[in-house]
Amino acid sequence: MRTLKAAAAVLATTLLLAACGSGGSGDAGSGAASGADAEIVIGSTNEPTGLVRNVGGSSGVSQTMTRNVFEGLTSVDVDGEVIPTLAKDWDVSEDGLVYTFHLQPGVQFHDGSPLSAQDVVWSISQTIAPESKSARKNDLSVISAITAPDDATVQLDLSRRSQSLPFYLASVTIVQDGDTELSSENGTGPYRFVEWTQGDHLTIERNDDYWGTPAKNSGVTFRFFQDTTALNNALLTGDLDLVIAEDSPDQLVQFEGNDAFTITEGTSTTKQIWAFNDRVAPFDDVRVRQALYKAVDREKVLDAVWDGRGQVIGSMVPPTDPWFVDQADVHAYDPQAAKDLLAQAGVSGLSIAVDYVAGDPSETIAQLLQADLQAVGVTLTLNPIDDATWYQKIYTDHDFQTTLMGHVNPRDVVWYANPDFYWGYDNAQVQQWVADADQAATADEQTALLTQVNETIGQEAASAWLYLDPQIRVARAEITGFPVNQVTESFYVADIVREG
């Protein structure tokens, strides 16, 4: 299943962004170089749809490029914590309305140009500009002025206090002033971009002039696959070192009990959602949404996809977010209650469609939804589509009834305060709570308000959250240093090594 992040890549048609190297074949097995000389070959089914950053769309671009090639003033680390990055530190005024960021010394873009405060001013200004398509645009609209007092200092003036500003800024990658195109040299990270051959691979190489701690390997090639069978065959034959994410427990059997491989199971922030278009009938009626949610046997769905792994959820918030409240039972499976709610709403003979990106496990989920809804008198038409169509039809045009999608972002419950987001949920109280939470004087206040948001959207079935993915990775036994959990947008590769 494709995943959508709230600050990722738009669709791009460029098939080849550089002509050097191939990176496609791997001698990733025991005969390959080790230590700092090793190239790591990683397999994924989550290819970018394009390499333009700071806009909404597929999560593949952030998974491969954020923190690795492109950096922000801040980053979210592998534990989900906000850490200084291009900003070595920052000061906050007593009233919380002025943030002053002090840039790291000696930072260079990959073409050798020095990073200046003006580059930061330009990058953030582009993100909040009227024509911006960034999914963080609304969150960062609190910025009323961006200035550079000197080449090493950036000042952000806010219209109100913002508890989450450093977190939101982690989604804004800094590029050179005026560069509206994707330049292969326009990054500051521990790796340089080498090439992307769409449908095959993306290669990055260690930046030996990196301002910070250098990467522990010589480079990484991400190889992309359409299905996990081919992906895992490549791992078995030695063409890969690591698989980022397994999407089915059936794929693990071939690795279990084999000392040549390591299987890790961690937590994720990937929520699998059956999203309604709440702006249109009948989904603008809370009773209909609640009925459809109660009609779904989520335990059966999770078991069919993950065979006991993962977690049934009842709202947008995963346990790793501070405002988590377990709401899995708020709309527990209850077909009779679903029928009663539909009757109360005056709805009978309902026929709706679900759009989803073709492939497993989406097909499995869609078929189970179809069977559950049929049991309560609702006809669900399955409409498999491709990534590009999903982005245009659902995310951009909002031309849908329901859709299946995975959302990877931490702390993304705030999107339910944006009525213009693709699912169109519009609740003035939720919008006020989210605004107040960001303006809160303390983290405890913020947590209390967003807990209310979490509970309200769950009760109102703003969407039908199905389950939280486990994070299962398989690696060759000699590969270490990769993150076990996935609680951030990027897959940080600089600590991965091949031992021995």
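Trainee: Before we start, what should I keep in mind about the numbering and the model?
Mentor: Residues are numbered from 1 along each chain as its sequence is written, and side-chain values use heavy atoms, with hydrogens and water left out. This is a predicted model, where local features need pLDDT of at least 70 and side-chain atom pairs count only at pLDDT 80 or more, while totals for chains, interfaces and linings use all residues.

Trainee: OK, what radius of gyration does the chain have?
Mentor: That radius is taken over C-alpha atoms, and the globule rule is 2.2 Å times the number of residues to the power 0.38. For 500 residues, a compact globule would come out near 23 Å. The chain agrees with that, at 23 Å.

Trainee: And what share of its residues is buried?
Mentor: Buried means under 20% relative accessible area, exposed over 50%, and partly exposed in between (1.4 Å probe, protein chains only). Out of the 500 residues of the chain, the buried share is 58%.

Trainee: How many helices and strands are there?
Mentor: Both are DSSP runs numbered from the N terminus: helices are H or I with at least four residues, strands are E with at least two. The chain comes to twelve helices and 23 strands.

Trainee: Which residues have the most contacts inside the largest nonpolar core?
Mentor: A nonpolar core is a set of buried Ala, Val, Leu, Ile, Met, Phe, Trp, Tyr and Cys residues joined through side-chain atoms within 4.5 Å. The largest has 111 residues, and a second, separate core of 29 residues includes Val61, Trp122, Trp196 and Phe482. In the largest one, the residues you want are Leu156, Trp274, Leu292, Tyr422, Trp423 and Ile457.

Trainee: Let's zoom in on H5. Within what arc do its buried residues fall?
Mentor: H5 covers residues 228-236, and its buried residues are Thr228, Leu231, Asn232, Ala234 and Leu235. The arc is that of the directions from the helix axis to the C-beta atoms. Seen down the axis, those residues line one face of the helix because they fall within an arc of 150°.

Trainee: Which residue caps the N-terminal end of H5?
Mentor: Look for a side-chain oxygen that lies 3.0 Å from the backbone nitrogen of Thr229. The cap is Asp227.

Trainee: What is Thr264 in contact with, leaving aside its neighbours within four places in sequence?
Mentor: Thr264 sits in strand E14, and E14 (261-266) is among the strands that cover the buried residues of H5. Thr264 itself is buried, at 14% relative accessible area. Contact means heavy atoms within 4.5 Å, and the partners are Gln471, Ile472, Arg473, Phe482 and Val484.

Trainee: Last one: is Arg411 buried or partly exposed?
Mentor: Arg411 is in the loop between strand E19 (402-407) and helix H11 (428-439), and its phi is positive, about 55°, although it is not a glycine. Arg67 also has a positive phi, near 75°, and it is buried at 13%. At 23% relative accessible area, Arg411 is partly exposed.

Technical notes: Polar contact = N/O pair within 3.5 Å; in protein donor to acceptor, adjacent residues only side chain to side chain.
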